[in-house]
Every structure is written in structure tokens, then in C-alpha cells.
Amino acid sequence: MSERETINGVPVTEDQIDAWAAEAEAGYDVAALKKRGRGRPGRGAEPSQVVALRLTLEEIAAIDERAEREGKSRSEVIREALHLSAT
């Protein structure tokens, strides 16, 4: 295994891989896994769509700067801008 393999910045060891393999071979509690849910939590009652958007490097930098300044994600900044333009 490469020393660069990490999870959240923590190196993955051969011992950890062996432990994961043993856990998988022993079997999982499917009911518990299903109860945990999958993917990101929804934003509302309706399913949301992923939309691809082409932006210039300058536009991305401006969004990232505002997101950092306001403690938000890119998506939150873009959704906010769309909401403001609709009102």
C-alpha cells in the first residue's frame, strides 16, 4: 500500500485493511446499514437535481472568496444568488 493512501488525512495501514476485510467477511447487519441512510441529506420534500455549470476561473474565485468570508459552501452562495435574483 502506498504511504499516500489516507482517510481524512490519516494514513491507512495494512492492519486497518486486514480489520476491514475481517469485518466484511464476518458479514454486516443489513438492517443497521439501511437504517443509517445513504448519500447527502435532502434539502426539502422534493428531490433536488444536480446541475453542471461552466464558470470562468475569476467567477469561481469570487464565489470561493465570498463562501470563505461568509462560512458557506459554493452551492449555498450560488443558491442564495439565484434566490435573490428571483425576488
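Select helices α3 and α4 to begin: the two are roughly perpendicular to each other (a class that covers angles of 65 to 115 degrees). Helix α3 comprises residues 57-70 and helix α4 residues 74-86; they pack at an angle of about 100°, and their axes lie 9 Å apart. Here axes are lines fitted to C-alpha atoms over the stretch in contact, and angles run from 0 to 180 degrees between N-to-C directions. The model is predicted: local features need pLDDT of at least 70, side-chain atom pairs count only at pLDDT 80 or more, and totals for chains, interfaces and linings use all residues. Residues are numbered from 1 along each chain as its sequence is written, and side-chain values use heavy atoms, without hydrogens and water.

Next, display the side chains where these helices meet. On α3, select I60, I63, D64, R66, A67 and E70; on α4, select R74, V77, I78 and E80, which are in contact with them (heavy atoms within 4.5 Å). The residues of this contact divide into 5 nonpolar, no polar and 5 charged. In this grouping Ala, Val, Leu, Ile, Met, Phe, Trp, Tyr, Cys and Pro are nonpolar, Asp, Glu, Lys and Arg are charged, and the others, Gly among them, are polar.

Remain on α4 and select S75. A distance drawn from S75 to I63, C-alpha to C-alpha, is 9.2 Å, while the two are 12 residues apart in sequence.

Now follow α3 to its end. After α3 comes G71, with a positive phi near 65°.

Move to helix α1, residues 14-26, where 13 residues should span 18 Å and the end C-alpha atoms are 18 Å apart, in agreement. Just after α1, select G27, whose phi is positive, about 100°.

The next stop is N8, in the loop between β1 (6-7) and β2 (10-11). Although N8 is not a glycine, its phi is positive, about 55°. Most residues other than glycine have a negative phi. N8 counts as exposed, at 78% relative accessibility.

Finally, show the whole chain. From the N terminus its elements run β-β-α-α-α-α, giving 4 helices and 2 strands (DSSP runs: H or I of at least four residues, E of at least two). Of its 87 residues, 5% count as buried.

Note on methods
Buried < 20%, exposed > 50% of the residue type's maximum accessible area, 1.4 Å probe, protein only. Parallel < 35°, antiparallel > 145°, perpendicular 65-115°, else oblique. Expected span 1.5 Å × (residues − 1).
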